[in-house]
Amino acid sequence: MAVWNGRLLHENPQDYLVIPDQPWLDGFCVTKGQIRQFVAMPLGAGYTAEEQLTGKAEHGGIQIIAYPMKREAYKKFIANRPLFMRYDEMVVCESAAPMDIGLAPGGLMRQEIYEDDYGLDAWETAAFSRCYVHIVNSQVYQELTGHPPPTEAPTAKAYTQAGLPWFEYYAENATALPGSQTLAGLDSVAAKGVKKGDTLLPENDPVEPVHVKKLGAAVVREGEF
């Protein structure tokens with residue numbers, strides 16, 4: 001996750017993601033190969049990344065803005081892509097419209113955020129599409145939808161004890177970004193809780209995954225039917 005810099009993209013340091021090269025994003029990129037997991041926290045308590053960086057609780061949620069490739073860059077990509085693989089957008093994730101919940105940095109997890117191999121000039125920044133993702137608690141969810149919220153998510157410990165797999169993505173030809181020094185300086189929810197004297201995230205002890213499945217870029221090719 002990058003720090004919001006308006007609609008412009010920046011190359012050094014890179015503050016955007018390229019899809020599908022980046023298959024998913026689970027947290028704030030704080031150093032090369034490591035992220036701090038996204039944790040939903042109430043605005044106003046001082047835990048969110050927004051509050052730690054700006055001292056204000058104005059936005060919360062997530063804002064996504066997508067830019068297409070320029071015509072010539074896309075033609076070049078199409079000529080070199082594997083058969084049936086599609087790609088025409090990249091994504092930036094940032095904090096968004098006013099809500100009561102924002103994202104705070106949680107525990108460390110192994111994950112690489114990949115460098116843009118196409119280059120900054122490949123993206124058409126004059127054309128973009130943006131959407132807002134609001135995060136709500138269980139009470140607001142029921143008020144908005146009229147339905148009970150989904151069941152409580154399992155802790156990392158319960159998930160591991162159930163024998164469920166963890167996933168690790170491996171991209172042989174991709175270069176990992178070094179991470180943001182600004183985001184690396186943020187307190188995790190646990191560290192901030194200690195400073196504030198709060199007891200948060202019970203039963204959220206570190207785990208050592210037993211079943212790890214390695215995933216790579218999936219390429220679909222013609223075959224015999």
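Good morning, colleagues. The structure is a predicted model, in which local features need pLDDT of at least 70, side-chain atom pairs count only at pLDDT 80 or more, and totals for chains, interfaces and linings use all residues. Residues are numbered from 1 along each chain as its sequence is written, and side-chain values use heavy atoms, with hydrogens and water left out.

I begin with the salt bridges. A salt bridge here is a side-chain nitrogen of Lys or Arg within 4 Å of a carboxyl oxygen of Asp or Glu. Side chains of opposite charge can pair when their charged atoms come close. The count by this rule is 4 salt bridges.

One of these joins E72 to K75, with the closest N and O atoms 4.0 Å apart. The two residues sit 3 residues apart in helix 2 (residues 71–80), and are therefore separated by about one helical turn. Helices (H or I, at least four residues) and strands (E, at least two) are DSSP runs, numbered from the N terminus. As for accessibility, buried means under 20% relative accessible area, exposed over 50%, and partly exposed in between, with a 1.4 Å probe and protein chains only. E72 is exposed, with a relative accessible area of 55%, while K75 is partly exposed at 48%.

Let us now consider D15, in the segment before strand 1 (17–18). D15 is buried yet has no salt bridge. How far away is the nearest side chain of opposite charge? That side chain belongs to R130, and the distance is 13 Å; in this assignment Lys and Arg count as positive and Asp and Glu as negative, while His and the chain ends are not counted. The side chain of D15 does make a polar contact with the side chain of H10, at 2.7 Å. A polar contact is a pair of N or O atoms within 3.5 Å; within protein, one must be able to donate a hydrogen and the other to accept it, and residues adjacent in sequence count only if both atoms are side-chain atoms.

Q14 also lies in the segment before strand 1. At 15% relative accessibility, Q14 counts as buried, and its side chain reaches the backbone nitrogen of D116 at 2.8 Å.

The loop between strand 6 (101–110) and strand 7 (129–133) holds D117. Q111 is found in the loop between strand 6 and strand 7 too, and counts as buried at 8% relative accessibility. The C-alpha atoms of Q111 and G27 are separated by 8.7 Å, although these residues are 84 residues apart along the chain.

Finally, I come to helix 3 (residues 138–145). At its start, a side-chain oxygen of N137 reaches to within 3.3 Å of the backbone nitrogen of Q139. Just after helix 3, G146 takes a positive phi of about 80 degrees.

Thank you for your attention.
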